[in-house]
Amino acid sequence: HTTLFRSVLIAISRHLGGLTTGGLGATDIGNKKAIGGIAREFYGRIWQHYQQPSAWKHQRREEYVNRRGSANDPGETTMWTFEPHVATKVYDDLLREAGTRVTVVRGERLDLAPGRGVIKEGARIVRIVMESGRTFAGRMFIDATYEGDLMAKAGVSYHIGREANATYGETLNGVQTGHAFSHQFIKPVDPYVIPGNPASGLLPGINPAGPGEEFSGDRKVQAYNFRMCTTDVPENRRAWEKPANYDPQWFELLLRNFEAGDHRVPWNPVWMPNRKTDTNNNYAISTDFIGQNWDYPDGDYATRARLWRAHEDWQKGLMWTLANHPRVPEKVRAEFQRLGLAKDEFTDNDNWPRQLYVREARRLISDYVMTEKNCTRAEVVPDSVGMGAYNMDSHHIQRHVTKEGFVRNEGDVQVRVRPYPISFRSIRPRATESTNLLVPVCLSASHIAYGSIRMEPVFMVLGQSAATAAVQAIEQGVDIQRIDPARLQARLLQDGQVLDFESPALEPRVRVARAKLPGVVVDDLDAARHGFARMSSAHHVYVDAGYHHDNNEGKGLQTARFTPDLPAAGRYRVLVAYPWNANRAAHVPVTIRHADGETKVTLNQKRKPTVDELLEPVGTFRFAAGRAGYVEITNAGTEGFVVIDAVQWVPEK
């Protein structure tokens with residue numbers, strides 16, 4: 001038996017749900033088996049909503065297919081993609097069903113003035129004080145904010161930025177210039193106001209101090225953005241508008257990147273129901289406002305408001321530029337004219353997301369710090385209160401100039417994990433600092449481990465576990481650090497939480513540098529692509545920075561031509577690199593243009609390539625010197641994902 005306690009839920013804004021209702025409808029989690037409890041109920045209610053014919057306004061249910069989960073998947077009772085207003089409806093339903101047990105207070109925020117905000121007796125919080133002067137007393141407190149203000153005002157230890165690798169014996173923390181392959185400049189781009197003239201100064205957004213010593217720590221955090229909800233339905237689409245304070249200098253680097261030859265469409269719109277998207281960052285310059293958020297975590301409300309506005313100005317200006325500027329390639333402009341903000345979302349905020357994506361702010365330092373050792377299961381905790389399952393994922397942190405005088409992004413790390421347990425000790429402070437506080441969002445984790453944990457369903461799971469622990473501390477009459485861990489875990493399991501399970505070991509990831517491959521190699525980044533706009537590095541073996549795919553759509557409309565510059569005429573063995581998977585297409589058309597005409601073959605990308613699990617031979621042919629020949633891959637007539645990675649020409653001896 002558990003006593004029912006009254007809870008007060010204090011929201012800074014008028015809206016609940018944070019990113020889940022703020023545009024992030026493309027749920028990131030990895031292995032969905034790790035999500036249980038109320039979080040899984042939330043995604044079950046999303047599925048139930050989309051079973052209703054009335055939920056489909058701009059497309060039929062059977063038309064909607066998404067690799068994160070479809071409303072039509074046989075045997076499914078959860079759905080992991082949704083429109084922002086649907087998430088709001090689900091939360092409202094849950095609160096209504098809770099009745100008087102939960103009081104919701106909106107539009108109140110903690111007083112951050114020195115000496116105010118939190119009143120303690122010893123290590124115990126007695127009450128908290130809002131800016132309005134309103135106070136809330138309680139026996140237990142949970143800081144579920146992205147920023148960790150209650151934790152900080154309570155005098156609890158925390159960290160901001162990246163730890164050095166040496167701090168916790170990690171390999172992926174600190175400055176990572178050697179690791180930043182994804183979302184990167186693929187052509188040399190001049191960083192100076194006057195090209196070629198360092199004395200003219202750097203363009204905005206480039207760190208003049210350089211990236212820092214490799215693997216060293218700093219107080220810099222990964223980039224923020226807004227997860228926009230866009231649509232291609234004309235009657236529901238709003239055209240991009242030029243911000244009143246538009247500053248073209250901020251977008252000069254973007255335009256130079258296009259002019260250098262990078263014509264990729266720089267965003268990632270993932271389809272939600274009703275022809276809408278959750279739109280995220282992609283490639284070198286996109287919606288992430290890199291390096292412009294370092295003062296946000298510890299900032300006062302005025303500082304945060306200024307940075308919030310700067311992020312909004314950046315992203316709105318970026319969208320207008322991409323849709324309208326004559327220096328943007330025509331095919332890129334067309335893509336941004338095809339999609340625009342959905343008029344029926346965020347209707348009280350001019351259709352703009354209400355929540356900034358604060359990917360990382362303060363992080364608690366408690367008796368146990370989650371690190372990359374936990375994410376790889378090299379160290380497994382016994383006191384699990386939930387699981388993480390997403391890649392160790394840090395977005396870029398800064399933009400700097402290389403010794404060659406070109407601009408480069410730094411900070412992006414994407415490394416796979418096995419589902420792993422999260423320690424109860426990581427969501428509560430040390431007993432000397434607070435005995436009645438839980439921190440399920442700004443929990444105790446290193447920068448790189450937090451990059452895996454920081455997913456919305458994991459926050460939901462940890463929020464439920466924190467509330468259960470708070471109740472048990474009250475029932476047992478003890479400090480939060482002294483509750484019975486076995487009793488806590490028993491109740492969590494009873495309530496459907498998933499605390500641990502074994503999963504297959506990860507295959508070692510091999511990033512093959514094309515420079516180390518014999519012969520002439522043309523990478524997917526250098527292919528002439530029409531379509532094949534989605535880039536990935538999820539597979540465990542690929543050439544150089546990653547590979548592209550057709551997103552299993554636009555069949556017959558996407559082609560990629562790989563054209564080598566061969567040093568001499570002769571016979572060459574041709575091999576095609578592709579990351580295989582069961583969801584790939586089995587009959588991928590490949591055309592080899594050679595000195596004696598054309599040869600057409602098909603590739604079965606479901607099967608592992610025969611040469612080093614990377615390359616599949618498609619034949620030996622005679623080629624002229626220079627650029628007369630090519631290999632072209634299309635997705636015409638295919639079923640399943642078509643991937644492109646690299647093509648190799650090896651001369652016969």
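Analyst: A residue is buried under 20% relative accessible area, exposed over 50% and partly exposed in between (1.4 Å probe, protein chains only). This is a predicted model in which local features need pLDDT of at least 70 and side-chain atom pairs count only at pLDDT 80 or more, while totals for chains, interfaces and linings use all residues. Residues are numbered from 1 along each chain as its sequence is written, and side-chain values use heavy atoms, with hydrogens and water left out.

User: What makes strand 16 count as mostly covered?

Analyst: In strand 16 (residues 384-388), 5 of its 5 residues are buried; strands here are DSSP runs of E with at least two residues, and helices are runs of H or I with at least four, numbered from the N terminus.

User: Why are strand 16 and strand 21 said to pair?

Analyst: Pairing needs at least two bridges found by DSSP, and strand 16 and strand 21 (residues 420-423) have 3 bridges, in the antiparallel sense, so the two strands qualify as a pair. Ser384 has Ser423 of strand 21 as its bridge partner.

User: Why is the contact between Arg162 and Glu410 called a salt bridge?

Analyst: A salt bridge needs a side-chain nitrogen of Lys or Arg within 4 Å of a carboxyl oxygen of Asp or Glu, and the closest N and O atoms of Arg162 and Glu410 are 2.8 Å apart, so the pair meets the definition. Arg162 lies in the loop between strand 7 (158-160) and helix 4 (165-168) and Glu410 in strand 19 (residues 407-410), so the pair ties together parts that are 248 residues apart in sequence. Arg162 is buried at a relative accessible area of 1%, and Glu410, at 0%, counts as buried as well.

User: How do you know whether Arg377 and Glu502 are buried or exposed?

Analyst: Arg377 has 12% relative accessibility and counts as buried, whereas Glu502, at 59%, counts as exposed. Their salt bridge has its closest N and O atoms 3.4 Å apart. Arg377 lies in the loop between helix 8 (372-375) and strand 16, and Glu502 in the loop between helix 11 (485-494) and strand 23 (510-512), so this pair ties together parts that are 125 residues apart in sequence.

User: What makes the charged end of Arg275 count as sitting over the ring of Trp271?

Analyst: A charge sits over a ring if NZ of Lys or CZ of Arg is within 6 Å of the ring centre and within 35 degrees of the ring normal. The charged end of Arg275 is 4.3 Å from the centre of the Trp271 ring and sits over that ring, and Lys33 lies over the face of Phe501 at 4.5 Å from the ring centre.
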